[in-house]
Amino acid sequence: MSARNVACLAVQSARQFSRTSVASSTEVAEGYKHLKNIQARFQKPDGKPVFLKGGTTDNVLFGVTSLLCLAGMLGMGKLIYQLAYPKQEE
């Protein structure tokens, strides 16, 4: 055997030992299946925006956020009115 053949044999044997799993395996990890199910749920064309596809929790959070924004706008309107028409002291 030549030195080149020995070097190639050493590289090939190192590759065989460094692999962690068999490449021809058709078994999929459980976490990967769960992730694929979540992705499929979010990509389903049901007409909902992506920020509401998470279910009831997303709907509640969106409602609370909308109410807080409305309250903030009403508060700003009240402040602008009070600044525009200050109370007259007699």
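Q: So patches are made of residues with over 30% relative accessible area and no salt bridge, and nonpolar side chains are joined within 5 Å. Which residues form a nonpolar patch on the surface here?
A: Leu67, Leu70, Met73 and Leu74 do. Together they have about 450 Å² of accessible area. Keep in mind that this is a predicted model.

Q: Where does leucine 67 lie?
A: Leucine 67 is part of helix α3.

Q: Is leucine 67 buried or exposed?
A: Leucine 67 counts as exposed, because its relative accessibility is 59% and the cut-off for exposed is over 50%.

Q: Let's zoom out. How many helices and strands are in the protein chain?
A: Three helices and zero strands. Reading from the N terminus, the order is α-α-α.

Q: What share of the chain do buried residues make up?
A: Buried residues are 2% of the 90 residues in the protein chain.

Q: New topic: salt bridges. How many does the structure hold?
A: One. Lysine 53 and aspartate 46 meet there through their side chains, at 3.5 Å from N to O. The side chains of these two residues are also joined by a polar contact of 3.5 Å.

Q: Where is lysine 53 found?
A: Lysine 53 sits in the loop between α2, which spans 30–43, and α3, which spans 56–84.

Q: What does lysine 53 touch?
A: Leaving out residues up to four places away in sequence, lysine 53 touches Arg41, Phe42, Gln43, Lys44, Asp46, Lys48 and Asp58.

Q: Now rings. How many aromatic pairs are there?
A: The count comes to two aromatic pairs. One of them is phenylalanine 51 with phenylalanine 62. This pair is tilted, with 5.5 Å centre to centre and 40° between the planes.

Q: Which parts of the chain does the pair link?
A: Distant parts, 11 residues apart. Phenylalanine 51 is in the loop between α2 and α3, and phenylalanine 62 is in helix α3.

Q: How do phenylalanine 51 and phenylalanine 62 count for relative accessibility?
A: Phenylalanine 51 is at 48%, so it counts as partly exposed. Phenylalanine 62 is at 42%, so it counts as partly exposed too.

Q: What about tyrosine 81 and tyrosine 85: what do they form?
A: Tyrosine 81 and tyrosine 85 form an aromatic pair. The pair is tilted, at 5.2 Å centre to centre and 50° between the planes.

Q: Are tyrosine 81 and tyrosine 85 buried or exposed?
A: Both tyrosine 81 and tyrosine 85 are exposed.

Conventions. Residues are numbered from 1 along each chain as its sequence is written. This is a predicted model: local features need pLDDT of at least 70, side-chain atom pairs count only at pLDDT 80 or more; totals for chains, interfaces and linings use all residues. Side-chain values use heavy atoms; hydrogens and water are left out. Helices (H or I, at least four residues) and strands (E, at least two) are DSSP runs, numbered from the N terminus. A polar contact is a pair of N or O atoms within 3.5 Å; within protein, one must be able to donate a hydrogen and the other to accept it, and residues adjacent in sequence count only if both atoms are side-chain atoms. Contact means heavy atoms within 4.5 Å. Buried means under 20% relative accessible area, exposed over 50%, partly exposed in between (1.4 Å probe, protein chains only). Rings of Phe, Tyr and Trp (its six-membered ring) pair if their centres lie within 6.5 Å; planes under 30 degrees apart count as stacked, over 60 as edge-to-face and the rest as tilted. A salt bridge is a side-chain nitrogen of Lys or Arg within 4 Å of a carboxyl oxygen of Asp or Glu. Patches are made of residues with over 30% relative accessible area and no salt bridge: like charges are joined within 9 Å, nonpolar side chains (Val, Leu, Ile, Met, Phe, Trp, Tyr) within 5 Å. Accessible areas come from the Shrake-Rupley method with a 1.4 Å probe; for residues, only the protein chains shown count as cover.
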